[in-house]
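Welcome! Take a moment to look over the chain, and then we will visit some of its aromatic rings and one of its strands together.

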Amino acid sequence: MHIALYAGEGLQADDLLTFAKPFITTLARQLTLIAPTEEQSTLDEILTRLQLDPTITVRRWCQEESFTLAILKAVQTVHPDVLLLPAFTARATPLEWWLRREEFNLLHMLPVSFLRVHGRITPIRQILLASAGGEQSLRCIPLVRQIAQAFQATVTVLHVVSQEVVYFEGFAASPLSGETALQIDEATATVLHRMVAALATEGVSCRLQVINGLVEETLLTECQHYDLFVIGSHLADDVEPTSQWLRFLRRISLQDVTRDLLEGSPIPVLVVR
């Protein structure tokens with residue numbers, strides 16, 4: 001696997017290295033270190049701390065003046081399988097709103113899968129893979145499989161049935177149970193079972209969990225019990241709405257979902273593209 005690692009400064013730069021060392025050692029055959037030009041001197045220190053196997057090919061990328069341009073230019077050029085980067089800002093720092101805007105604009109523009117290291121850092125033993133049930137969720141499987149196999153981790157495929165989905169008995173409205181919802185939505189059920197089967201076939205211990213509730217709140221609550229939270233990019237749908245206005249509204253709302261999950265997650269988040 002070709003892994004890119006941001007080696008410049010960041011809010012959780014030390015935590016990033018703690019997380020990255022076993023991740024790179026276990027999975028990488030090629031590593032690209034990225035930093036702005038003025039932080040080039042940090043790369044030697046990073047390599048010393050990583051203590052890499054000599055079989056891993058290392059490339060240094062030190063260009064541009066800002067972390068956003070350095071990262072974007074690098075991944076557009078070297079095309080890594082996944083980018084590891086720290087959180088550059090925290091939600092609790094309102095005075096850095098401009099920097100947070102830069103960070104999330106960068107994350108939105110990234111053309112590759114990325115893993116944002118933020119919050120609690122623990123060995124990867126349990127992975128939470130969130131799925132809305134669309135075909136695009138299947139794109140997460142190859143990368144999740146590699147990580148799960150490398151760390152002998154278990155995977156939970158989690159689908160949250162929106163609390164807004166209801167059925168009526170007389171004048172009373174009650175939320176559908178997870179099982180009932182999947183019986184009604186056969187297409188979603190098929191995708192979810194395909195995801196579990198695809199991982200299980202490769203020897204990954206995997207289970208399906210369906211919960212009824214508010215989607216974002218439920219995902220952020222559930223991920224607290226895991227070591228790695230995996231979501232799709234929410235940007236690559238196979239069928240586009242015909243209305244330009246609907247496309248605009250969907251793009252804004254889905255970006256907000258991804259950002260809220262990235263900001264609110266108490267553990268590292270992998271966004272698969």
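Let's start with F19, which is buried, with a relative accessible area of 5%. Keep in mind that this is a predicted model. F23 is buried as well, at 1% relative accessibility.

**Aromatic pairs**

- F19 and F23 both belong to helix α1 (residues 13-27), where they are four residues apart, or about one helical turn.
- In total, the structure holds four aromatic pairs.
- The rings of F19 and F23 make a stacked pair, because their centres are 5.7 Å apart and their planes meet at 25°, with under 30 degrees counting as stacked.
- Another stacked pair is F67 with F88, with 4.1 Å from centre to centre and 20° between the planes.
- This pair links distant parts of the chain, 21 residues apart: F67 lies in helix α3 (residues 67-78), and F88 lies in the loop between β4 (82-86) and α4 (97-109).
- F67 is buried at 11% relative accessible area, and F88 is buried at 8%.

**A charge over a ring**

- R259 places its charged end over the ring of F104, 4.5 Å from the ring's centre.

- Strand β11 covers residues 228-232, and five of its five residues are buried.
- Both of its faces are covered, with L228, V230 and G232 on one side and F229 and I231 on the other.
- β11 pairs with strand β6 (residues 126-130) in the parallel sense over three bridges, and V230 is the bridge partner of L129.
- β11 also pairs in the parallel sense with strand β12 (residues 269-272), over four bridges, and here F229 stands opposite V269.

Conventions
Residues numbered from 1 in each chain as written. Predicted model: local features only at pLDDT ≥ 70, side-chain atom pairs only at ≥ 80, totals over all residues. Heavy atoms only, no water. Buried < 20%, exposed > 50% of the residue type's maximum accessible area, 1.4 Å probe, protein only. Helix = DSSP H or I, 4+ residues; strand = E, 2+ residues; numbered from the N terminus. Pairing = 2+ DSSP bridges. Phe/Tyr/Trp six-rings, centres within 6.5 Å; stacked < 30°, edge-to-face > 60°. Lys NZ or Arg CZ within 6 Å of the ring centre and 35° of its normal.
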